[in-house]
Amino acid sequence: MSIGNSPEDERPSQDVSEEARPSVGRALKQARIAAGLTVDDVSSATRVRIAIVHAIEADDYAVCGGDVYARGHIRTLARAVHLDPAPLIEQYGAEHGGRPAPTPAAPLFEAERIRPERRGPNWTAAMVAAIVVVIGFVGFTAVKGGDSGNDAKSQIAEGATATPSKSAPATPKKDKPAAPTSEASDSAIAAAPQDKVTVKVSAANGRSWISAKDHNGRMLFDGLLKKGESKTFQDSSKINLILGDAGAIQLYVNGKKIEDNFQKGAVERLTYTKGDPEAG
């Protein structure tokens, strides 16, 4: 009878728990199905795009736009399907080498170029120029006819009085205010009309994916803001925001700076209405 290890004893031990543990995407999918939720339900609850939910459940994070956004989406989806996000974030970091530098944003999140605001004719300048011309004409006529006596002066005065009255109908009518748009100017921020809500999103501390909708749920913007870029949105009653990296964003609501200490890499969902700049 020989003493020694059998072939079974010499086989390398395997960590059964590691092999049995599902991937991050599979864990999220299993939890969603167990909760009786569809991908559309999760997308509506978290405002994460349907395509991104499908990609993450398939462990494809290329469409997330970088490691920071991937972690934020995992955290958001985990909470929606009633999972603790911390172990999933830790597992994602272990499977993807900790915290790599953010990857270039996918074409899906290419930020729109800020279009210059269209400006109408400067009617004020035109009116000032017209008045200067009239005054110059009256002065020239008065100097030229200075020796013609009081009668000539009175005629000049009557002519000067009549001239502006004839030019008055030429004053252009002011156009009716245009409907609220997502590209309000900085002057609109400063004015901060009380009958509207105006929100300016500025990527002051880095780039961030943002989404903005009006009170009807109509998408105003969905894309990536590069560092130094900004977007301004205006609506009659409410603006809904999602910030992919809230720590990189500075908000101005109804002309006032929002002093919230957002964490770097945190996903924030905010709603602002008319009146004081308080998050809804």
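The points below concern a predicted model of one protein chain, with attention to a four-stranded sheet and to helix H4.

1. Overall content. The protein chain has 280 residues, of which 35% count as buried. Its secondary structure amounts to 10 helices and eight strands.

2. Contacts and surface. Taking contacts between residues at least 6 apart in sequence, 64% join residues at least 24 apart.

3. An open sheet is built from four strands, and its order reads S3-S2-S5-S8 with antiparallel pairing. Strand S3 (219-225) and strand S8 (268-273) are the edge strands, each pairing on one side only. From one strand to the next the twist averages 15°.

4. The S5-S8 pair. Strand S5 covers residues 238-243 and is joined to S8 by six bridges in the antiparallel sense. Within this pairing, Leu241 is placed opposite Leu270 of S8.

5. Helix H4, buried side. H4 spans residues 39-46, and its buried residues are Val39, Val42, Ser43 and Thr46. Viewed down the axis of H4, these residues fall within an arc of 100°, so they line one face of the helix. The packing partners of the buried residues are helix H3 (24-34), helix H5 (50-57), helix H6 (67-80), and the strands S5 and S8. Both of these strands also belong to the sheet of point 3.

6. Helix H4, other side and end. Ser44 and Ala45 are exposed on the other side of H4. Arg47, just after the helix, adopts a positive phi of about 60°.

7. Ser43. This residue lies in helix H4. Its relative accessibility is 12%; buried means under 20%, and Ser43 therefore counts as buried. The Ser43 side chain reaches the backbone oxygen of Val48 at 2.6 Å. Leaving aside residues up to four places away in sequence, Ser43 touches Val48, Arg49 and Ile50. Ile50 falls within the range of helix H5 (50-57), one of the elements against which the buried residues of H4 pack.

8. Points to view together. For a check by eye, the buried face of H4 can be displayed with S5 and S8, against which its buried residues pack. The stretch after H4 can be displayed with Arg47 and its positive phi, together with the contact from the Ser43 side chain to the backbone oxygen of Val48.

Technical notes. Residues numbered from 1 in each chain as written. Predicted model: local features only at pLDDT ≥ 70, side-chain atom pairs only at ≥ 80, totals over all residues. Heavy atoms only, no water. Pairing = 2+ DSSP bridges. Helix = DSSP H or I, 4+ residues; strand = E, 2+ residues; numbered from the N terminus. Axes fitted to C-alpha atoms, helices over the stretch in contact; angles between N-to-C directions. Buried < 20%, exposed > 50% of the residue type's maximum accessible area, 1.4 Å probe, protein only. Arc of directions from axis to C-beta. Contact = heavy atoms within 4.5 Å. Polar contact = N/O pair within 3.5 Å; in protein donor to acceptor, adjacent residues only side chain to side chain.
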